[in-house]
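Here's a quick briefing to get you started with this structure. Have a look at the sequence and the model first, then read on.

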Amino acid sequence: MKIAVLTKILPDGQDISSAPDGTLDMSRAKPVISEYDLTALEVAAQLAAATAGSAYAVSAGDASVSDSKTVKNILARGIDELFLAADNRLGDMDSHATAGALAALLEQMPAVDLILCGDGSADLYAKQVGPQLAACMDIPYISGAIAIEPGEGSAVVRRKTETAIEELEVSLPAVVSILPEAATPRICGMKDILAAGKKPVHAVADIEPAASGIQASVARAPQQAERLNKIFETADEDAIREFAAAMRAAL
Amino acid sequence: MKTLVIAESEQAARELSVGTRAMADEIVLVTFGNPIPGIADACIDISLPDDAIIEDAYLTLGDVIDAEQPDAVFIEPSSQLLGLGGRIAALAGTAAITGITELEDGAAQTNYFGGTGTRTVIPLSKPVIYMAGLGSLPSGGTAEGTDEVRSAEFRRPERSAVKKGAQALKTETSSLPEAEVVVAVGRGFSQEEQLGLARDLCSAIGAELGCTRPIAETSNWLPRSSYIGVSGLMLSPHVYIGAGVSGQMQHMVGCNRADMVFAINKDKNAPIFKQCDYGIVGNIEEVLPALTEALS
């Protein structure tokens with residue numbers, strides 16, 4: 001079975017800091033794989049191994065996504081090849097434009113049976129690129145997968161909604177979004193990372209970004225509400241009494 | 001302005017219908033086998049075959065949108081409706097606006113990196129597709145509408161998923177979105193039995209119990225519907241009390257619009273102490289029972 005995994009490369013959210021004027025400083029945030037995509041990569045690697053197939057990672061974004069450390073990190077996870085469109089014109093796309101770019105990328109790759117994506121991206125957590133891509137390719141989309149069993153031209157997907165665990169049969173190709181609980185991403189050793197350096201990275205140029213349907217401003221730190229910040233450092237009887245009195249007054 | 005509200009749960013149907021009333025002259029509500037009269041100007045109910053999934057209702061919704069011509073579509077961000085919404089947005093040639101914390105004159109404040117940042121997103125085309133979670137629209141309006149219920153035929157895509165079986169999960173509808181007082185528990189609770197301490201405080205002060213994501217998703221001590229923060233509930237209660245909550249951005253973004261924030265944590269360096277009105281450094285095992293007694 002041939003599997004493509006949509007992989008978002010973005011700045012590490014933990015290293016974003018905000019200045020007193022509310023601007024965000026991204027300069028120390030190095031490119032990383034979006035957290036939930038790690039699970040999708042793991043599921044793809046396991047499915048490819050179980051079916052003697054291939055797992056391809058697919059990514060599009062601005063020039064920063066060709067970061068060599070991140071590229072190796074992707075390929076160290078049981079992924080065979082990476083198809084990468086790194087182009088500043090592909091930076092900060094909305095989900096509709098991203099799906100268009102990924103669909104164009106997929107056209108330049110070997111045909112795949114299954115397209116996996118993570119539950120949501122670390123920056124927007126919008127869960128939109130999966131269904132947008134499925135719409136673009138006119139194939140089915142399934143959210144919330146916790147297990148995938150490949151069959152002949154179809155797959156059985158166990159998935160979780162807010163109210164039920166369902167078993168779905170779907171003809172392939174299809175786009176399936178993977179929940180974090182579906183697998184535990186592997187810890188890559190030095191050997192995996194060295195081997196990753198020898199795997200093919202296909203730089204795909206000339207992907208035309210689609211026009212955006214929505215327009216986002218530059219991100220700023222959220223306005224913090226003014227708080228009293230009265231802290232009792234020791235929870236003794238007096239402190240608890242005063243704390244309780246403040247709470248009673250607020251209720 | 002005409003809005004289309006698409007909801008799976010009755011709670012979201014009500015909140016989105018009431019929340020869009022101030023901006024819309026006409027509201028059409030779309031439901032899936034559970035028509036709700038009286039909260040919109042018309043309700044269109046789509047009855048799915050037993051073996052179909054909501055994500056595959058996009059052709060049907062495309063028909064509804066063509067017929068109704070809404071200016072804006074408000075969708076409950078459940079996992080299936082996020083999928084359906086993505087396909088509807090694709091049909092409209094646009095991207096849905098997601099992660100909304102506030103909406104004013106069509107422009108949405110949206111979360112960036114789990115609330116580390118915020119962006120203003122404006123639509124460039126119509127219809128605008130908003131994924132609007134509980135608490136993201138103004139509350140306090142009243143439900144009004146007609147009893148008109150129409151049904152729309154489910155039009156199955158040529159290639160679709162076929163449901164072979166389903167096992168219901170334990171669900172509870174959450175009364176947290178409307179709660180004036182919220183007690184939230186976090187990782188400071190190391191055993192499930194300790195939740196009783198928080199429940200006792202809730203009963204004493206008439207609060208609803210919520211939690212951080214790990215308590216709902218890793219420990220599974222409380223239902224998923226009760227976690228506060230990114231991808232969960234976005235609340236603006238009068239009083240928020242965090243017990244054993246460290247104050248990670250991902251959680252605080254869901255409660256930092258509270259009028260008053262109280263914090264109880266044994267770690268004096270917990271980030272929540274920088275974002276609260278009153279904080280007390282102490283063990284939940286000692287502080288919570290003492291508070292409950294003082295406030296009973």
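Arg224(B) counts as partly exposed at 35% relative accessibility (buried is under 20% relative accessible area, exposed over 50%, and partly exposed in between, with a 1.4 Å probe and protein chains only). Its salt-bridge partner is Glu217(B), with the closest N and O atoms 3.2 Å apart, and Glu217(B) is partly exposed too, at 31%. Keep in mind that this is a predicted model, where local features need pLDDT of at least 70, side-chain atom pairs count only at pLDDT 80 or more, and totals for chains, interfaces and linings use all residues. Residues are numbered from 1 along each chain as its sequence is written, chains are lettered from A and ligands numbered from 1 in the order in which they are written, and side-chain values use heavy atoms, leaving out hydrogens and water.

- Side chains of opposite charge can pair when their charged atoms come close.
- Over all chains, the whole structure has 24 salt bridges (a side-chain nitrogen of Lys or Arg within 4 Å of a carboxyl oxygen of Asp or Glu).
- Glu68(B) pairs up with Arg150(B), and their closest N and O atoms are 3.2 Å apart.
- Glu68(B) sits in helix 2 of chain B and Arg150(B) in strand 9 of chain B, so this pair ties together parts that are 82 residues apart in sequence (helices, H or I with at least four residues, and strands, E with at least two, are DSSP runs numbered from the N terminus).
- Glu68(B) is buried at 11%, while Arg150(B) is partly exposed at 34%.
- Both belong to a network of salt bridges that also links Lys2(B), Glu26(B) and Glu148(B).
- Over in chain A, Asp238(A) and Arg241(A) form a salt bridge with the closest N and O atoms 2.8 Å apart.
- Asp238(A) and Arg241(A) are three residues apart in helix 6 of chain A, so about one helical turn separates them.
- Asp238(A) is partly exposed at 44%, and Arg241(A) is exposed at 53%.

**Helix packing**

- Helix 4 (residues 195-205) and helix 7 (residues 284-295) of chain B pack at about 20°, with their axes 9 Å apart (axes are lines fitted to C-alpha atoms over the stretch in contact, and angles run from 0 to 180 degrees between N-to-C directions).
- That makes helix 4 of chain B roughly parallel to helix 7 of chain B (angles under 35 degrees count as roughly parallel, over 145 as roughly antiparallel, 65 to 115 as roughly perpendicular and the rest as oblique).
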